[in-house]
Amino acid sequence: MHPAEPFQIRPPARPVISALVLAVMCFVSCLPLRAADSPARPHLFLAADSAPGGPSRTVTEFRRAIREDAHVAGMWKIFLAQADHDLTAEIILPRTYKANRGERDWSIGNRDHSVVFAAGQRILRGALANLVTGEPRYRDAAWAQVEVLFQHEQWSDWRDLSHTNRAPADLRTGMLARDLGLAFDWLHPVLTPAQRQWLIAGLDERAIKPFWKSVDQGASWTKGGNNWSTTIVGGLGILGMA
């Protein structure tokens, strides 16, 4: 779990954009967080055990539900079986992952919905399993998939090949930003400072800068009205909150 050399970090541009984008992205561009204001982690979907109230279930409450609620326990058993399978499964790459994909997509290494979704789910399963069980092996499985997203040439562009003639950020950028944002929040206590910094720098290069470049170019999804806005702006919003 040694991080690669850190990316160079440069402050992202912050242009004036539509009210929709501005509202969802406020944690990225408008409300810089002081260290004293940082929430206890996790704080997205599940709250730290020390969290004072709030709408989110705490990790302790979730663990209790797994023990005491038969329905939750049954779902958790299925989930953990999938996380256990991930421990020895091959790393997900656009040219080798074939489940639910057409031959053309995997043969050309397309970052289509299926492979991006699978990679994100692999990371989230490991992050959540580690958070609930405390078992480092789940963290390691998640981190292995995280690393390859930044280091492997097949993941060098977080866009669908059919979208590369459009804006620098597309649906796949939003999907990976969302999943890595959640993983950063859930794994934060068990990552080293160097790993956190490396991940933040990588996300700046692969997600945040392409997002702002797309805004500068007036990408159609900045105007709202379709699932591109929800996925890209929403995904970057979750990343910003993380």
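I began with Asn 110, which counts as buried at 5% relative accessibility, where buried means under 20% relative accessible area, exposed over 50% and partly exposed in between, with a 1.4 Å probe and protein chains only. I kept in mind that this is a predicted model, in which local features need pLDDT of at least 70 and side-chain atom pairs count only at pLDDT 80 or more, while totals for chains, interfaces and linings use all residues. Residues are numbered from 1 along each chain as its sequence is written, and side-chain values use heavy atoms, with hydrogens and water left out.

I placed Asn 110 in the loop between H5 and H6, and found a polar atom of its side chain 2.7 Å from the backbone nitrogen of Leu 161. Leaving aside residues up to four places away in sequence, Asn 110 touches, among others, Pro 94, Arg 101 and Asp 160, contact being heavy atoms within 4.5 Å.

Next I looked up Ile 92, which sits in the loop between H4 and helix H5 (103-108) and is buried, with a relative accessible area of 3%. Its C-alpha lies 6.0 Å from that of Ala 119, although the two are 27 residues apart in sequence.

I then turned to helix H4 (residues 70-86) and helix H6 (residues 113-133), which pack at an angle of about 115 degrees with their axes 9 Å apart; helices here are DSSP runs of H or I with at least four residues, and axes are lines fitted to C-alpha atoms over the stretch in contact, with angles running from 0 to 180 degrees between N-to-C directions. Among the residues that meet are Trp 76 and Phe 79 in H4 and Leu 128 and Val 132 in H6.

How values were computed
Helices (H or I, at least four residues) and strands (E, at least two) are DSSP runs, numbered from the N terminus. A polar contact is a pair of N or O atoms within 3.5 Å; within protein, one must be able to donate a hydrogen and the other to accept it, and residues adjacent in sequence count only if both atoms are side-chain atoms.
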